[in-house]
Amino acid sequence: MIELESVSRSFRSRDGDEIAALKDVSLGIARNEFVTLVGPSGCGKSTLLRIAAGLILPTRGMARIDGAPVRAPRDETAMVFQSPTLLPWATVLDNVLFPLRMMGRMGPDSAERARELVRLVGLQGFEHKSPRELSGGMQQRVAICRALIHEPQVLLMDEPFGALDALTREEMTLELLRIWETRPKTIVFVTHSIPEAVLLADRVAVMSPRPGRIAEIIDVPLPRPRSFDLEAQPDFQRCTHRIRELIFGHRADQRRAA
Amino acid sequence: MRGARDALVPLAVVAVLVLVWEGAVHLFSIPAYLLPAPSVIWRDCAAIAGNIAWHTAATMNTIMLGFVASIVISLPLAVLLTSSPAVANAIYPVLVFTQSIPKVALAPLLVVMLGANELPRVVITFLVAFFPLVISIATGFLAVPAELLELGKSYRASRLRELYRIRLPYAVPFIFSGLKVAITLAVVGAIVAEFVNADRGLGYLIITSTAFFKVPVAWGAVILLSVIGVVLFQAIVVIERVFFPWSSSVEAVSA
């Protein structure tokens with residue numbers, strides 16, 4: 001479904017230095033697979049996601065979706081950001097319909113589809129409320145509906161639950177799994193949270209910084225449907241342990257050496 | 001209830017001030033050409049009410065034309081200013097320069113250029129009022145969160161769609177704070193223009209009545225102008241509240 005072929009991306013900093021955000025990243029993601037990208041700040045997770053979204057072009061290498069090179073945002077993909085980025089002047093329903101308006105693809109059944117999605121995330125009755133009347137978690141649910149409205153094959157999520165409190169975050173994680181099971185999609189999900197990355201994913205791509213690259217891809221052999229009860233399982237702990245090792249391991253070595 | 005009380009308090013304060021003014025003029029026997037009592041102002045103005053109404057209509061006409069011109073010209077200017085850094089670099093210094101010209105000094109030249117009619121007055125009103133409007137609209141356009149613009153891009157929105165579906169609505173609270181400044185300045189601009197060149201209007205009335213020592217009438221015109229300023233300002237507040245209820249609750253910082 002998504003192929004990243006030795007993707008590199010560098011940025012020019014303000015003082016003119018070339019900074020490699022990503023170096024030679026290759027990753028293949030199958031249809032309806034759930035992949036999480038985890039790693040410390042500055043490892044290029046968000047850049048990688050934006051390259052897959054067609055918002056940023058790679059300096060070298062190429063991203064493909066279904067074999068077609070990604071040179072601009074494609075209809076098959078939708079982004080969900082860390083902040084809900086809802087339009088403050090529009091109702092919940094109009095926010096969900098926003099992509100169709102931007103693409104000029106409003107149809108006679110669009111409003112009904114939007115209502116259905118709002119029901120799917122448990123927000124029935126809030127269709128005509130304005131975003132500021134909703135809690136953070138509810139706003140992010142609306143943002144997910146908005147990403148689903150044009151029925152994309154691929155959901156690209158950039159720390160979507162990063163700004164939520166811990167309890168809402170767990171709730172939303174399960175909610176996302178439920179949505180994914182009723183409407184299978186290919187999901188690439190960037191996160192800072194290791195347990196979140198393991199609980200959601202079929203595979204976790206652990207990234208390391210300077211330059212950003214994939215350190216290791218870890219298969220998560222846990223059964224679905226999943227819940228936070230799995231955290232006690234040896235497989236879960238083995239995965240989180242391995243990820244911690246990859247992210248913090250070399251730092252621990254350095255400390256020992258010093 | 002709360003709204004009524006909120007309006008009553010300032011009205012009561014004004015009433016007390018007017019009473020103190022009236023009392024002080026009589027108590028200290030201040031001559032009318034220095035400071036006329038409110039009752040004298042009222043009497044002299046009421047005697048020529050029809051005439052004053054005609055002057056008021058003329059001034060309102062200039063204010064509104066200048067204000068509308070400010071909106072019509074500021075919007076595309078703000079779009080240009082925010083379209084690219086290169087364009088901004090080209091336009092911005094010119095804009096700032098127009099602001100550093102003393103409008104009162106420019107007014108007689110404009111009369112020579114444009115003729116002794118309504119046009120130079122509208123142009124001066126516009127020149128006084130438009131700048132803060134351009135700046136607040138441009139600030140609003142630039143205040144759109146990057147993620148919201150990325151969202152638009154991820155749906156391949158054209159620049160035009162981005163402008164009227166994202167930037168413009170996002171800028172509404174900023175636009176209104178600019179409009180509030182602009183309408184107050186439009187009143188000032190219109191009067192400046194009428195001082196320099198007019199055969200009607202409240203500014204003209206102030207100049208002619210002081211020349212003929214009809215000081216109470218001049219005072220009446222000044223008071224009327226302040227009332228016009230307050231009413232127009234409030235009209236914009238009401239328009240924002242009625243048509244953009246989400247905007248008045250948004251914290252917008254104007255430039």
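In what order do the strands of the open sheet of 6 strands in chain A run? The legends below take up that sheet first, in a predicted model.

**View 1. The open sheet of 6 strands in chain A has mixed pairing.**
The strand order is β6-β7-β8-β3-β9-β10. At the edges stand β6 (77-80) and β10 (213-219) of chain A. Each has a single partner strand, so one side of each is left without a neighbour in the sheet. From one strand to the next, the twist averages 20°.

**View 2**
One residue pair can be picked out by name: A:Thr77 has A:Val154 in β7(A) as its bridge partner. Helix α4 (residues 136-148) of chain A packs on the sheet here. Helix α4 touches both β6 and β7 of chain A. The direction of α4 makes about 170° with that of β6(A).

**View 2. A second open sheet in chain A has 4 strands and antiparallel pairing.**
The order in this sheet is β2-β1-β4-β5. Its edge strands are β2 (18-29) and β5 (68-69) of chain A. Each of these two pairs on one side only. Strands in any sheet pair through backbone hydrogen bonds, in either the parallel or the antiparallel sense.

A:Glu3 has its bridge partner in β4(A), namely A:Arg64. Helix α1 (residues 45-53) of chain A lies across β1, β2 and β4 of chain A. Helix α1 runs at about 120° to β1(A).

**View 3. Chain A as a whole holds 7 helices and 10 strands.**
Its radius of gyration is 19 Å, close to the 18 Å that the globule rule gives for 258 residues, so chain A is as compact as a globular protein of that length. The C-alpha trace spans about 65 × 45 × 35 Å along the principal axes of chain A. Of the 258 residues, 40% count as buried. Take the contacts in chain A between residues at least 6 apart in sequence: 68% of them join residues at least 24 apart.

**View 4. Chain B is built with 11 helices and 0 strands.**
Along the sequence, the pattern of chain B reads α-α-α-α-α-α-α-α-α-α-α. Its C-alpha trace spans about 75 × 55 × 30 Å along the principal axes. Of the 255 residues of chain B, 35% count as buried. Among contacts in chain B with a separation of 6 or more, 77% come from residues 24 or more positions apart.

**View 5. Chain A and chain B meet through 16 residues of chain A and 16 residues of chain B.**
On the side of chain A that touches chain B, helix α2 (residues 92-103) gives the most, with 4 residues. What classes of residue make up the side of chain A that touches chain B? There are 12 nonpolar, 3 polar and 1 charged residues.

Key. Residues are numbered from 1 along each chain as its sequence is written. Chains are lettered from A and ligands numbered from 1 in the order in which they are written. This is a predicted model: local features need pLDDT of at least 70, side-chain atom pairs count only at pLDDT 80 or more; totals for chains, interfaces and linings use all residues. Two residues are in contact if their C-beta atoms, placed from the backbone, lie within 7 Å. Ala, Val, Leu, Ile, Met, Phe, Trp, Tyr, Cys and Pro count as nonpolar, Asp, Glu, Lys and Arg as charged, and the others, Gly among them, as polar. The radius of gyration is taken over C-alpha atoms; the globule rule is 2.2 Å times the number of residues to the power 0.38. A residue is buried if 20 or more other C-beta atoms lie within 10 Å of its own, exposed if 12 or fewer, and partly exposed in between; C-beta atoms are placed from the backbone. Two strands pair if DSSP finds at least two bridges between them. Axes are lines fitted to C-alpha atoms, for helices over the stretch in contact, and angles run from 0 to 180 degrees between N-to-C directions.
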